Amino acid sequence: MEAHYPKYLLYGLLILGSWLLSSLLHFQFFHLSLSSSFASAVQRGGAALVVLPAALDARFIPAPAVEADDRRRSSEPDSPPSSSSCEGRYVYMVDVPSRFNVLRECVEGSPLFDDVWSVCAITANAGLGPKIAPAGNGSDGDNDLLPTTGWYSTDQYSLEVIIHNRMRLYECLTDDPAAAAAVYVPYYPALELHQHLCGFNVTVRDGPSAEFLRWLSSQPAWAAHGGRDHFMVAAKTTWMFRRARGDAAAEKGCGNNFLDQPEASNMTALTYESNVWAPRDFAVPYPSYFHPASAGEVAAWQARARAAPRPFLFAFAGARRPNGTLAIRDRVFDACEAAAARGRCGMLDCSHGLEGSITCRTARKLITLFASARFCLQPRGDSFMRRSSIDAVMAGCIPVFFHEISTFKRQYRWHERPAGSSADERPYYVLIDPDDVEEGRVDIEEALGRYTDEEVAAMREEAIKMIPRFMYKDPRVRFEGDMRDAFDVAMDKVMERMRRIKNGEELVWKDRNDVLAVAASNDS
């Protein structure tokens, strides 16, 4: 028997070796599969949370959730870009401490998400808001115009969250501020201010943002250029951040002085309406309700907008101002009410308190109305720019402005149309002098009725072509197709500014014509 020991030993070693090899392969396969699944989930945006955590730094933000029917149309993230393609485009994202995060209580499972008055409510779907449900029985004014994907009940003040999530997917982020062409500051000044917008003393309104600016200006990344290479989004009109100092009425009113602080005046700020005398704030479009995930979705919607029947000559959604404080608003209401009796005007009256406000923020009603009209009236409100003007473009409705400073050419100069392009001079909007309307020299219905069908079709086509430049893509997924949106256009311009600043240029004034336009608008 002893003569057989070497043979049995050999068998034993072979069996042991096979078991070890099998175990090793099993471990490698399991490990690689787990790593691959985790990477794929991150790339697809497959994490469960849709809100931003306490720390605002992009490195610690989980990928936003993608709804089931959105996931099938999302694409895998692009492969990392080459260093040459990011030359001059690198962006460093500031790591903002959690104490400055107004969304720190917006954690998964919080009842705040069900509170329409909570700031958490607007963070659903990475800032897009709740998805618009399929059309019901038509009681909400919808005629099945809106597609089943790409449309959300987006709050007009959610752009800070949307842009932050887009920046997370920006292909040229860097952890080295010295290598960056620009520094992005993911602070939410509008959402912070919204908590105490009006009726609070100036210390309450000014204090939090002033503390943040002190912290920001103490950071190493700030020192290199004194903040001139920093940019951020402030999702209100510029005037809400420029409360006049020493003005007793303003001290008791609304807003803060965030953009008038010395530190903020060094940064490039993207707001909904800019101050033409301020060289570093620039207007970007309000977010509308359309946030596609592919160029195909955009083309399909543009086709729907072209084909939509438009029984109304013009439409208006808005509210009167108390005591006739905005005469042009009253004249617009009067004109629409008179024309409605002849079936020529469609209107959403937002004048009836909370109910009226909710009605006019119902995306399905609003877009359906605007897609039923040739022209959409855009009189000024509390400021010259209105979200309604962006909604009009999304619906393929020709905007009608009453102040030159309200036009896209004056405010959204980055987004309107490329200067010098063949379409640059083709009209897509109407401008009516408010004095002529208020003093009875111009009848709105008569003025708009003079446009021929051919002229209206040509203007509408120009507006529809502008939809990509005024929309914001779904920030949770990689966009399928080659199409630039409002974020892409703004980033190109921001990076261009930063390159010029770092080349030593003094960018002081914007455009003298803007100053003249504001002066004329304030006189009317």
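**Disulfides, a sheet and a helix pair**

Let's start with one serine. Ser-158 has a relative accessibility of 0%, so Ser-158 counts as buried. Buried here means under 20% relative accessible area; exposed means over 50%, and partly exposed is in between, with a 1.4 Å probe and protein chains only.

Before I go on, the ground rules. This is a predicted model: local features need pLDDT of at least 70, side-chain atom pairs count only at pLDDT 80 or more, and totals for chains, interfaces and linings use all residues. Residues are numbered from 1 along each chain as its sequence is written, and side-chain values use heavy atoms, with hydrogens and water left out.

Back to the serine. Ser-158 sits in the loop between S1 and H3. The labels come from DSSP runs, numbered from the N terminus: helices are H or I with at least four residues, strands are E with at least two. What is Ser-158 in contact with, leaving aside its neighbours within four places in sequence? Ile-122, Gly-127, Tyr-272 and Pro-287. Contact means heavy atoms within 4.5 Å.

Now the disulfides. A disulfide is a covalent bond between the sulfur atoms of two cysteines. The rule used here is a pair of cysteine sulfur atoms within 2.5 Å. By this rule the count is five disulfides. I'll take Cys-86 with Cys-172 to begin. The S to S distance in this disulfide is 2.0 Å. The link of Cys-86 and Cys-172 is left-handed, with -80 degrees about the S-S bond. Why does this pair tie together parts that are 86 residues apart in sequence? Because Cys-86 lies in the loop between helix H2 (68-71) and strand S1 (91-93), while Cys-172 lies in the loop between helix H3 (159-168) and strand S2 (173-174). Are the two ends buried or exposed? Cys-86 is buried, at 2% relative accessible area. Cys-172 is buried too, at 0%.

On to Cys-106 and Cys-120. A disulfide joins them, S to S 2.0 Å. The torsion about their S-S bond is about -85 degrees, so this disulfide is left-handed. Cys-106 and Cys-120 each lie in the loop between S1 and H3, so the pair ties together parts that are 14 residues apart in sequence. Both Cys-106 and Cys-120 are buried.

One more pair: Cys-336 and Cys-345. Their sulfur atoms are 1.8 Å apart. The link of Cys-336 and Cys-345 is left-handed, at -85 degrees about the S-S bond. Cys-336 is buried at 1% relative accessibility. Cys-345 is buried at 5%.

Next, the sheet. Six strands form an open sheet in the order S2-S1-S3-S4-S5-S6, with parallel pairing. Which strands are at the edges? S2 and strand S6 (281-283), each pairing on one side only. Two strands pair if DSSP finds at least two bridges between them. S1 and S2 run parallel and are joined by two bridges. Val-91 has Leu-173 in S2 as its bridge partner.

Last, a helix pair. Helix H11 (residues 363-370) packs on helix H12 (residues 387-394) at an angle of about 65 degrees, with the axes 9 Å apart. Axes are lines fitted to C-alpha atoms, for helices over the stretch in contact, and angles run from 0 to 180 degrees between N-to-C directions. Who meets whom? Leu-366, Ile-367 and Phe-370 in H11 meet Ser-388, Asp-391 and Ala-392 in H12.

That's it from me. Please have a look at the structure above.
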